[in-house]
Amino acid sequence: MSRVLVIGCGGVASVAIQKCCQASDVFAELCIASRTKSKCDALAAKLAGKTKTKVTTAQVDADHVDQVIDLIKSYKPDLVMNIALPYQDLTIMDACLACGVNYMDTANYEPEDTDDPKWRAIYEKRCKEEGFSAYFDYSWQWAYKEKFEKAGLTALLGCGFDPGVTQAYCAYAQKHEFDTIDTIDILDCNGGDHGYAFATNFNPEVNLREVSAPGSYWENGHWVEVPAMSIKREYNFDQVGEKDMYLLHHEEIESLAKNIPGVKRIRFFMTFGQSYLDHMRCLEDVGMLSTTPINFNGQEIVPIQFLKALLPDPASLGPRTKGKTNIG
């Protein structure tokens with residue numbers, strides 16, 4: 001029986017929280033916390049009477065480590081589940097270290113303002129050393145490994161489906177099915193239709209930046225980088241059908257390359273319809289995917305954050321989506 005603090009109440013977090021509450025024998029108590037407490041309260045009200053898990057709510061701005069520390073000290077959880085924005089991974093990890101609490105997340109760290117000159121200088125040096133230039137990589141969080149080991153704490157990174165279940169599949173295959181593994185291809189097919197002309201099935205800022213970043217894959221001990229969406233394949237997905245899929249950089253490639261010795265090539269593909277790609281390219285061409293603030297009518301706005309406000313909330317897509325997903 002455990003007491004868990006969940007930070008985040010968006011589309012992915014809402015699904016994870018409801019799953020936790022279905023396992024009330026494991027998750028005895030759960031606190032939902034986010035910047036907007038009203039969203040947490042609404043989800044708690046939805047769960048009322050449907051679970052034996054004791055659900056409470058709290059407000060926290062996970063951009064500020066002191067606020068996360070105060071909440072952890074107040075709630076005293078056994079585990080902090082970070083299902084917020086990947087920009088907030090490091091502050092939440094710092095808070096867990098300060099309070100002596102175990103940590104878990106679903107997506108790897110990525111700085112919010114990737115156009116900031118100070119950040120670019122640091123990151124371009126790291127990219128040159130690593131040989132690729134994706135916005136996100138695990139080295140930021142892997143630098144915490146020794147800190148968590150010394151503190152006697154566990155930090156589980158990338159515990160969604162991909163990353164998450166995909167690594168578990170590979171680890172199982174390595175341990176029980178194969179003597180050696182030469183190549184790994186991870187295929188992510190979302191065959192669902194939500195009925196909108198354009199929407200993203202998780203946080204638009206993260207989704208659009210991930211897709212528009214250069215693609216990369218691991219081959220013969222080094223990274224190979226390619227222009228965004230430049231490698232396309234077709235695949236007949238079981239119960240979904242023939243789909244176009246494109247090579248992306250994805251975080252589990254890094255952890256698999258690190259933990260499966262001798263693997264010669266690892267790639268990640270995700271399916272996209274032509275309408276999605278047309279919308280995304282148009283938005284990118286007119287600057288709507290930029291993280292650089294601009295002045296509009298005397299007010300500073302970040303284009304991609306403004307776009308996020310215009311797009312459907314990913315948490316609202318589930319009830320209207322029809323179709324199947326196939327990942328493996």
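Is Lys147 buried, partly exposed or exposed? Select Lys147 to begin: its relative accessible area is 44%, so Lys147 is partly exposed (buried means under 20% relative accessible area, exposed over 50%, partly exposed in between, with a 1.4 Å probe and protein chains only).

Before moving on, note that this is a predicted model, where local features need pLDDT of at least 70, side-chain atom pairs count only at pLDDT 80 or more, and totals for chains, interfaces and linings use all residues. Residues are numbered from 1 along each chain as its sequence is written, and side-chain values use heavy atoms, leaving out hydrogens and water.

Lys147 belongs to helix H7, residues 145-151 (helices are DSSP runs of H or I with at least four residues, numbered from the N terminus).

Next, select Asp89 in helix H4, residues 89-99. Asp89 counts as buried, at 2% relative accessibility. Show its neighbours in contact (heavy atoms within 4.5 Å): leaving aside residues up to four places away in sequence, Asp89 touches Asn82, Tyr103, Asp105, Ala107, Asn108, Tyr109 and Gln141. A polar atom of the Asp89 side chain lies 3.1 Å from the backbone nitrogen of Tyr109.

Go on to helix H10, residues 251-259, where seven of the nine residues are buried. Among them are Ile253, Leu256 and Ala257.

Finish with helices H9 (residues 204-212) and H11 (residues 274-285). Here Asn207, Leu208, Val211 and Ser212 of H9 meet Tyr276, Met280 and Glu284 of H11.

Notes: Helix = DSSP H or I, 4+ residues; strand = E, 2+ residues; numbered from the N terminus. Polar contact = N/O pair within 3.5 Å; in protein donor to acceptor, adjacent residues only side chain to side chain. Axes fitted to C-alpha atoms, helices over the stretch in contact; angles between N-to-C directions.
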